[in-house]
Amino acid sequence: MSLDTHPLPVPALPRAGGAPHRAGPRRRSPGRTWGRAVIALLLVVEIYPLLWMFLTSLKSNDDYLNSSTWSLPSTWEWGNYTEAWTTGNIGLYIQNSLLAVLPSLALVLLLGTAAGFALQIMVWKGRSLTLLIFLAGIMVPSQMILLPLFTVYFQTGLSGTLWPLILTYTGTGLPLTVFMMATYYKTVPREMFEAAALDGAGILRAFWTISIPMVRNAILTVGLVQFFFIWNDLLIALTFTNNQDLRTIQVGLLNFTGDFGATQYGPLFAAICINVFGTLLIYLFLNQKVMKGLTGGAVKG
């Protein structure tokens, strides 16, 4: 009997100097190339308008009207930002926006979180109907309630203050906040609250010391969403601020249009840049927390 002998494969020896033999360059898959192209296109779509807005804020009024829209400023008018801050009163309008937004946001988060806790964790009769009533508030357009609210604020003497904005923002922001917080509380394990009740914890202690730390990322996410809704509001602020000293920043941007339709485009775009880039920095600073609130759920909080 003859044996068919084949030589065993010999491993490749390293080259002189000890450098191993490397395989040729890998070919990039078409899917990865297309994915990078789409990402690059999205970056251009997102970044280019911001860059154009910033460059336009450095143009003079004559340069904006007589030069091409895509051209660079012939003279870099950094004084547009100073004029927007002083003559345009952007500092005052930002202050008014903060005075209206921060109390409204605090009330919306406090009441919405407490309502979500009561609707999902506590057991009581009629909670499902109560949740439906809150959800019905989402379907009510803001335009329908402006005239009745204006009449109520005028008769109660609240006109001429920031209280109409605070109360209206709180009322319009609660339905969505209650719905979102009730959804987050649905993922919280009930066993933790049962164990706290066995240890003698009451409802208030279970709410503050147990539920709030578990849903803090959710509260931050909802708070950021509501902050942008309230900060960017124009209709409500324009309806209830009859005094120029009480205008918010969105209403204040209308002041850059003159009596005869003449618009100071340089200071106007400078004021828009202050508004846009300020809120963009807030989002970039809280971006990771928002992602955790959206994907991590309430249990990981």
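This is a predicted model: local features need pLDDT of at least 70, side-chain atom pairs count only at pLDDT 80 or more; totals for chains, interfaces and linings use all residues.
**Group meeting talk: cores, a patch and ring pairs**

Residues are numbered from 1 along each chain as its sequence is written, and side-chain values use heavy atoms, with hydrogens and water left out.

So where does Leu107 sit? Its place is in helix 4. By helix I mean a DSSP run of H or I with at least four residues, while a strand is a run of E with at least two, and both are numbered from the N terminus. The protein chain has 14 helices and zero strands.

Leu107 also belongs to a nonpolar surface patch of about 500 Å², together with Leu110, Leu111, Leu204 and Trp208. A patch takes residues with over 30% relative accessible area and no salt bridge, joining like charges within 9 Å and nonpolar side chains (Val, Leu, Ile, Met, Phe, Trp, Tyr) within 5 Å. A salt bridge, in turn, is a side-chain nitrogen of Lys or Arg within 4 Å of a carboxyl oxygen of Asp or Glu. The areas come from the Shrake-Rupley method with a 1.4 Å probe, and for residues only the protein chains shown count as cover.

Now let's go inside. Buried residues make up 33% of the 301 residues in the protein chain. The largest nonpolar core has 45 residues, and Ile90, Leu165 and Tyr185 touch the most other members. Helix 4 (residues 90-120) turns up again, giving the largest share of this core, eight residues. Apart from it lies another core, of six residues, including Ala115 and Leu131. A core here is a set of buried Ala, Val, Leu, Ile, Met, Phe, Trp, Tyr and Cys residues joined through side-chain atoms within 4.5 Å.

What does Ile90 touch, if we skip residues up to four places away in sequence? The list is Ala84, Trp85, Ile249, Leu253, Phe256, Ala271 and Ile274. Contact means heavy atoms within 4.5 Å.

On to the rings. The whole structure has 13 aromatic pairs. Rings of Phe, Tyr and Trp (its six-membered ring) pair if their centres lie within 6.5 Å; planes under 30 degrees apart are stacked, over 60 edge-to-face, and the rest tilted. Phe150 and Phe240 are stacked, at 6.3 Å centre to centre with 15° between the planes. Phe150 lies in helix 6 (residues 142-155) and Phe240 in helix 11 (residues 235-240), so this pair ties together parts that are 90 residues apart in sequence. Phe150 is partly exposed at 34% relative accessible area, whereas Phe240 counts as buried at 5%.

For an edge-to-face pair, look at Phe227 and Phe228: 5.6 Å centre to centre, 70° between the planes. Phe227 counts as buried at 10% relative accessibility, and Phe228 as partly exposed at 22%.

One last stop: ring pairs link Phe117, Tyr185, Phe193, Phe207 and Trp208 into a cluster. We have met two of these names already, Tyr185 in the largest core and Trp208 in the surface patch.

Technical notes:
Buried means under 20% relative accessible area, exposed over 50%, partly exposed in between (1.4 Å probe, protein chains only).
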